[in-house]
Amino acid sequence: MISTPAEEDPTRRTNPQEKPKKSSSSLSVRLDEDMKPRSFLYHNMEDDELLHKAASMQQLQDHISCNPALQQNSTVQKNSSRRLQAKIAFLFLTRQALPLQALWELYFKGHEGMYSIYVHAHPNYSFPNVSSSSVFFCRSIPSKEVEWGGLSVLDAERRLLANALLDRNNERFVLLSESCIPISNFSWAYEYITKSQHSFVDCYDDVGRVGKGRYLRIQHPGRLEPEVSLNEWRKGSQWFEMSRELAMIVVSDTKYYPKFKDIFCQHEPCFIDEHYLPSVLNILKPSKLANRTLTYFVFPEHGYAPHPIQWEPEMITQEWIQTLKGQNCTYNGHREYTNCHLFARKFSPETLEPLLKLAPNIYGIN
């Protein structure tokens, strides 16, 4: 509930069953608390409560826009003025440490107020070597254990999105892993993402055994219908970038998520992270998708491999990093030939030293 009862006026109560009306002043007290930016990430909310609170952020904004009294309320106006520059929320889904942390520190340097960081690690890991001056200090969210290819991967992604949505200045959301690196400078990435008319969610129709084949291997696959039909089934990389609008859809979904959870993920690994977002968002908001990811990776050319190639130090050169940016993609309806990727994976911890040597040329920062 957003509101609290107004003070009772006996002269206005003609019916003892009538409930007191809600005043804009009492609403503003709760709105004041819910609209404040969060400077720390610890909370004791369970997932259901967290997702509900994140989804309610949009309801609060809609409530204000539809209520003239609240629009004129000085407390709400003051909170609205707090909204400064739109931020990109960087969501790190990790197992334990961030071995490439020093590279990310350089990447974010000098851009305070333009980004937020959220880290979902193993619940027993506490990042003992992160100093108080680090951009990653106290940026871990309450987490749960994640199993590769399982439902818990999607749950962790939704958990990251929900925590980030609690800061209403976060307008765009990027999912990354501990083996990801940035391959362009922050300013360029910020402009590229915030000016995009689409969200970079990888989405394509794969008729093979690891695409539609996974749908058909479900026991009684028709049980996913009518929510998701075989023709609507899509596949894509889990490494997304999305707008606040799409993030709200993901955390507030109570229609598609139960079907994926109870039917598609009866047996794990189910690889829900490769199918839920592409399928659901393609059903609900197809025109909002770029149908590609901003994160470069490559699988071995021959045979099926569950994981992409891991890059080692001997591969690291400035010329090679430049090739990872890709070519021949579409951006805001126009063909883009030089900048299709802003991030890349999968980099081993040993690549940190050669990457740091290239950082001045890649990011323009010593």
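**Notebook: aromatic rings**

A charge counts as over a ring if NZ of Lys or CZ of Arg is within 6 Å of the ring centre and within 35 degrees of the ring normal. I also found R158 over the face of Y257, at 4.2 Å from the ring centre.

I note that the model is predicted, that local features need pLDDT of at least 70 and side-chain atom pairs pLDDT 80 or more, while totals for chains, interfaces and linings use all residues. Residues are numbered from 1 along each chain as its sequence is written, and side-chain values use heavy atoms, with hydrogens and water left out.

I then searched the whole structure for aromatic pairs and got 30. W104 and F108 make a stacked pair, 5.8 Å centre to centre with 25° between the planes. Rings of Phe, Tyr and Trp (its six-membered ring) pair if their centres lie within 6.5 Å; planes under 30 degrees apart are stacked, over 60 edge-to-face, the rest tilted. I placed both residues in helix 5 (residues 101-108), four residues apart, about one turn of the helix. Helices (H or I, at least four residues) and strands (E, at least two) are DSSP runs numbered from the N terminus.

I checked burial next: W104 is buried at 2% relative accessibility, and F108 is buried at 0%. Buried means under 20% relative accessible area, exposed over 50%, partly exposed in between (1.4 Å probe, protein chains only).

I list one aromatic cluster, whose members include W104, F108, Y115 and F343.
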